Amino acid sequence: SDYVVATGVGATVRDFAEAAFKRVGLNYKDYVIQEDKYRRPTEVDALIGDSSKINRELGWKAKTNWSELAELMVDFDLQH
């Protein structure tokens, strides 16, 4: 059986970039360039994973939210 592993909480790429750059005291706007040609078409309003099945069947629940994940990723990169 397939399971969706997700927090159930949405964030934009901008939100994620802002959290990651903030972790090292930088403003993402000084380093990130947005290009319209790379924007996702607006066929969906939001992409948020539904982890209710894995919670119901296995008792799994996310312990880390997206902003904490951004910080963990930055910390790992800084250590390596």
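Visitor: Is Asp75 buried, exposed or partly exposed?
Guide: Asp75 counts as partly exposed, at 22% relative accessibility. Buried means under 20% relative accessible area, exposed over 50%, and partly exposed in between, with a 1.4 Å probe and protein chains only. Bear in mind that this is a predicted model, where local features need pLDDT of at least 70 and side-chain atom pairs count only at pLDDT 80 or more, while totals for chains, interfaces and linings use all residues. Residues are numbered from 1 along each chain as its sequence is written, and side-chain values use heavy atoms, leaving out hydrogens and water.

Visitor: Thanks! What does the side chain of Asp75 meet in a salt bridge?
Guide: That would be the side chain of Arg23, at 2.7 Å from N to O. Arg23 lies in helix α1 and Asp75 in helix α3, so this pair ties together parts that are 52 residues apart in sequence. Helices (H or I, at least four residues) and strands (E, at least two) are DSSP runs, numbered from the N terminus. A salt bridge here is a side-chain nitrogen of Lys or Arg within 4 Å of a carboxyl oxygen of Asp or Glu.

Visitor: And how many salt bridges does that rule give?
Guide: The count comes to 2. Arg23 also meets Glu71, at 3.5 Å from N to O. Shared partners join Arg23, Glu71 and Asp75 into one network.

Visitor: How accessible are Arg23 and Glu71?
Guide: Arg23 is partly exposed at 40% relative accessibility, and Glu71 is partly exposed with 29%.

Visitor: Which residues of α1 are buried?
Guide: Those are Ala17, Ala19 and Ala20. They cover an arc of only 165 degrees around the axis, which puts them on the same side of α1; the arc is that of the directions from the helix axis to the C-beta atoms.

Visitor: What do they pack against?
Guide: The buried residues of α1 pack against α3, where contact means heavy atoms within 4.5 Å.

Visitor: What comes just after α1?
Guide: Gly25, which takes a positive phi of about 75 degrees.

Visitor: New topic: how much space lies in the largest pocket?
Guide: About 980 Å³. A pocket is an open set of points on a 1 Å grid over the protein atoms alone, where a 1.4 Å probe fits, with protein on both sides within 12 Å along at least five of seven lines; lining residues have an atom within 4 Å of a point. The volume is the space filled by probe spheres set on the points.

Visitor: Which residues are closest to its centre?
Guide: Of the 30 lining residues, Ala11, Thr12, Val13, Arg14 and Arg40 are the closest.
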